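User: I am new to this structure and would like a guided look at it. Could you put it on screen before we begin?

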Amino acid sequence: MAVLPENSQLRIPSNGGPETWPILQCGRVFVLPGVPQFFEEKLGIICENFLNKSKEKKYLRKIHLSADEVDIVHFLDQVVAQFSELDFGSYPFFEEDAVVKTVITVEGSSEDSVKTAAAELVRMVGDDVVLGIDDRDGTLSAA
């Protein structure tokens with residue numbers, strides 16, 4: 001017998017057989033095994049069975065910058081206000097020798113809006129600090 005955290009759930013996939021082990025979920029966090037083979041298997045099960053299966057496609061652009069976040073945040077704030085239907089993320093890197101200092105993400109259900117917002121941010125921060133832009137498949141293109 002095991003003691004589980006309060007308010008946690010043992011999630012069993014609907015397509016699992018008697019040999020399927022349950023997955024522990026605590027709020028919005030799934031607890032996964034540390035063995036890579038089992039981790040990967042459980043991750044697939046979670047994606048198939050327990051996550052929101054929205055039919056709406058999401059588009060993503062990541063903008064890699066050589067500028068510190070503090071130096072571009074005022075431009076980012078303006079683009080966020082202009083494209084309120086999109087989701088933005090800003091991820092600074094603090095290593096002294098890092099080439100990439102900040103990564104900005106732009107995500108939404110309209111590919112045109114995502115591309116336009118990313119292009120506007122690139123225009124505002126200047127080509128000289130843009131190291132590259134990649135989309136959801138990880139393809140990195142020069143600015």
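User: How many of the residues of S6 are buried?
Analyst: In S6, 6 of its 7 residues are buried, so the strand is mostly covered. Buried means under 20% relative accessible area, exposed means over 50%, and partly exposed lies in between, with a 1.4 Å probe and protein chains only. Please note that this is a predicted model, in which local features need pLDDT of at least 70 and side-chain atom pairs count only at pLDDT 80 or more, while totals for chains, interfaces and linings use all residues. Residues are numbered from 1 along each chain as its sequence is written, and side-chain values use heavy atoms, with hydrogens and water left out.

User: And over the chain, what percentage counts as buried?
Analyst: Of the 143 residues, 31% count as buried.

User: How many helices and strands are there?
Analyst: The chain has 3 helices and 8 strands. Their order from the N terminus is β-β-β-α-β-α-β-β-α-β-β. Helices (H or I, at least four residues) and strands (E, at least two) are DSSP runs, numbered from the N terminus.

User: Back to S6. Which strands pair with it?
Analyst: S4 pairs with S6 in the antiparallel sense over 7 bridges. Strand S5, residues 87-92, also runs antiparallel to S6, and 6 bridges join them. Two strands pair if DSSP finds at least two bridges between them.

User: What stands opposite Ile104 in S6?
Analyst: Ile63 stands opposite Ile104, and Ser90 stands opposite Ile104 as well.

User: Which residues have the most contacts inside the largest nonpolar core?
Analyst: They are Ile63, Leu65, Ile72, Ile104, Leu121, Val125 and Val130, in a core of 20 residues. At least two residues each come from strand S4 (59-65), helix H2 (69-82), strand S6 (102-108), helix H3 (111-125) and strand S7 (130-135). H3 gives the most, with 7 residues. A nonpolar core is a set of buried Ala, Val, Leu, Ile, Met, Phe, Trp, Tyr and Cys residues joined through side-chain atoms within 4.5 Å.

User: What does the second core include?
Analyst: That separate core has 5 residues, including Ile23, Phe30, Ile45 and Phe50.

User: New topic: what is the volume of the largest pocket?
Analyst: Its volume is about 300 Å³. On a 1 Å grid over the protein atoms alone, a pocket is an open set of points where a 1.4 Å probe fits, with protein on both sides within 12 Å along at least five of seven lines; lining residues have an atom within 4 Å of a point. Grid points are joined across faces, edges and corners, and the volume is the space filled by probe spheres set on the points.

User: Which residues of its lining are closest to the centre?
Analyst: Of the 18 lining residues, Trp21, Pro22, Ile23, Glu41 and Lys42 are the closest to the centre of the largest pocket. Strand S2 (23-26) and helix H1 (36-49) are the elements that give two or more residues to this lining. H1 supplies the largest share, 6 residues.

User: How many disulfides are counted?
Analyst: The count is 0, where a disulfide is a pair of cysteine sulfur atoms within 2.5 Å. Cys26 is partly exposed at 25% relative accessible area, and Cys47 is partly exposed at 44%.

User: Last one: is Asp112 buried or exposed?
Analyst: Asp112, in helix H3, counts as exposed because its relative accessibility is 58%. Asp112 and Tyr59 are 53 residues apart in sequence, and their C-alpha atoms are 9.1 Å apart in space.
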